[in-house]
Structure formats: structure tokens, C-alpha cells
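Me: I'd like to go through the charged and aromatic side chains in this one. Can you take my questions in turn?

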Amino acid sequence: MTWPMRHPSLYCARFRIRPRAPNNPETDYGHQLTPAAVNQSDGPLAASGPGDITRWMAVPWQTDTASCRAGYEPEYDPYLPTFWPARVPNHVLAQKDYETVMNRNLPLPERMLAFATRSAWYRGLEGAYVDQINQMIVDFSKLGVVEQRPGPGDPEFPDAMLVESPPGIGLTAPREKNNVIGHVGKRRRHSDRR
């Protein structure tokens, strides 16, 4: 579900979507639906029938997933929140960095730097916007999934970490400026580091 959920006219009571009466078909809005028509009192957000909530999403939905990013270049601020952080993470602790954290034979500063590094989840999408949304349709199943994994068991790291499973997209991409977001910044309290 997307932006219509923010419109009070969509609801008949708290958390209850206003149903369209069976004998009241929706108006034909013509070839172009304008913002004015959407927001009028008897517009498409005044009542809903089957499929009316999800019709506002892209078809296929993977193109919405490729479009909903933080919207800013990393040079501006790579850590701004985004639309669907649970389903579409912007920045992830990649498997390679997790493995470095877990390797107790490596120096602690190297392990801490690996823990502080976040990779762009979309790092394998290439080309112009249209190329990227089409690639997302074809390759969605190849994107990494964020899973909870155990920490290394020493006090510098959390007991559990959220780690990206090895992705198929971008797995061999070099770690360039656009592939690695950077470091999470100042050290956080132990309870906040996840």
C-alpha cells in the first residue's frame, strides 16, 4: 500500500477503509487522473472496492522497489530514512564485512572498521533509471536478504547483527564510492549497535 493510506477520506472509522457500495460504481475519470480529481470529496479516495488499494502501486511492483530510495546522493547525506526500510534497505552490513568482524585473528581496528562499513543494497543495479527498474523486475530474487546473525562474542560488538546474505546482483562489483556508503559514524552505545 502506498500514499493513499495517508488520506483521511479513505477511512470510515479508525483503521477501517471506507467500502464502496456495490450499487455505486466508480466514476470514469478519463485518460488523465489529476490531483484535483483525486482529492475531491467523491474522488477515487472517497471509497474503495476490490483492488482499489493496491492499484496505486507500480505494475509490476518491483519497479516501485527500485524507485523508493533515500533520494539523495551519498555526498549530501547517505543515512536519510527511506520509504520501506524493512523491505527495501538502503544500506546493509555485507557478508564480506561480517566475516571480517567475526575473524578474531584480525586486528580489532580492522574488524571495527568492517562493522562500521555499510554497502548500498542496490549496488548491482546499473544504467539509467529505466534500465534499473527493468533489471529489478528480472533480478529481484538475486538481491540480498537481511538476516540476524550472531556477533563474535567480544564486548566491542553487539550480540546479534543484521547482515545481508550474499547477493547475486553486484556480488562481483568492485567496492567503489557508489558501492560502499561509508561508516556509521561515531561510536554508539552497545544496545544501539545492530
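This is a predicted model: local features need pLDDT of at least 70, side-chain atom pairs count only at pLDDT 80 or more; totals for chains, interfaces and linings use all residues.

Me: Which residues are linked with Asp-52 in a network of salt bridges?

Reply: Arg-55 belongs to that network, as you'd guess from the bridge with Asp-52. Two further members join in, and the residues linked with Asp-52 are Arg-20, Glu-26 and Arg-55.

Me: How many salt bridges does the count come to?

Reply: Side chains of opposite charge can pair when their charged atoms come close. One such case is Asp-139 with Lys-142, at 3.3 Å from N to O. Asp-139 is buried at 13% relative accessible area, while Lys-142 is partly exposed at 42%. The count comes to 8 salt bridges.

Me: Is Arg-111 buried or exposed?

Reply: Arg-111 is found in helix H4, residues 108-116. Buried means under 20% relative accessible area. Arg-111 has 4% relative accessibility, so Arg-111 is buried.

Me: Which residue forms a salt bridge with Arg-111?

Reply: Among the residues that Arg-111 touches are Thr-100, Val-101, Pro-152, Asp-154 and Phe-157. One of these has a side chain in polar contact with the side chain of Arg-111, at 3.0 Å. The closest N and O atoms of the salt bridge are also given as 3.0 Å apart, and the partner is Asp-154.

Me: Where is Asp-154 found, and how many residues apart is the pair?

Reply: Arg-111 and Asp-154 form a salt bridge. The pair links distant parts of the chain, 43 residues apart, with Arg-111 in helix H4. Asp-154 is buried too, because its relative accessible area is 15%. As for where, Asp-154 is in the loop between strand E5 (146-150) and strand E6 (160-164).

Me: Which backbone oxygen does the side chain of Arg-111 reach?

Reply: Asn-103 and Arg-104 are both among the residues touched by Arg-111. Arg-104 is touched by Asp-154 as well, and the C-alpha atoms of Asp-154 and Arg-104 are separated by 9.2 Å. The backbone oxygen, reached at 3.4 Å, is that of Asn-103.

Me: How many aromatic pairs does a search of the whole structure find, and why is the pair of Trp-3 and Trp-56 edge-to-face?

Reply: The search finds 3 aromatic pairs. For Trp-3 and Trp-56 the ring centres are 5.1 Å apart. Planes over 60 degrees apart count as edge-to-face, so with its planes at 70° this pair is edge-to-face.

Me: Which parts of the chain does that pair tie together?

Reply: Trp-3 is partly exposed, at 29% relative accessible area. The two residues are 53 apart in sequence, so the pair ties together the segment before strand E1 (11-13) and the loop between helix H1 (35-39) and helix H2 (62-67).

Technical notes: Residues are numbered from 1 along each chain as its sequence is written. Side-chain values use heavy atoms; hydrogens and water are left out. Helices (H or I, at least four residues) and strands (E, at least two) are DSSP runs, numbered from the N terminus. Buried means under 20% relative accessible area, exposed over 50%, partly exposed in between (1.4 Å probe, protein chains only). A polar contact is a pair of N or O atoms within 3.5 Å; within protein, one must be able to donate a hydrogen and the other to accept it, and residues adjacent in sequence count only if both atoms are side-chain atoms. Contact means heavy atoms within 4.5 Å. A salt bridge is a side-chain nitrogen of Lys or Arg within 4 Å of a carboxyl oxygen of Asp or Glu. Rings of Phe, Tyr and Trp (its six-membered ring) pair if their centres lie within 6.5 Å; planes under 30 degrees apart count as stacked, over 60 as edge-to-face and the rest as tilted. Lists of a residue's contacts leave out its neighbours within four places in sequence.
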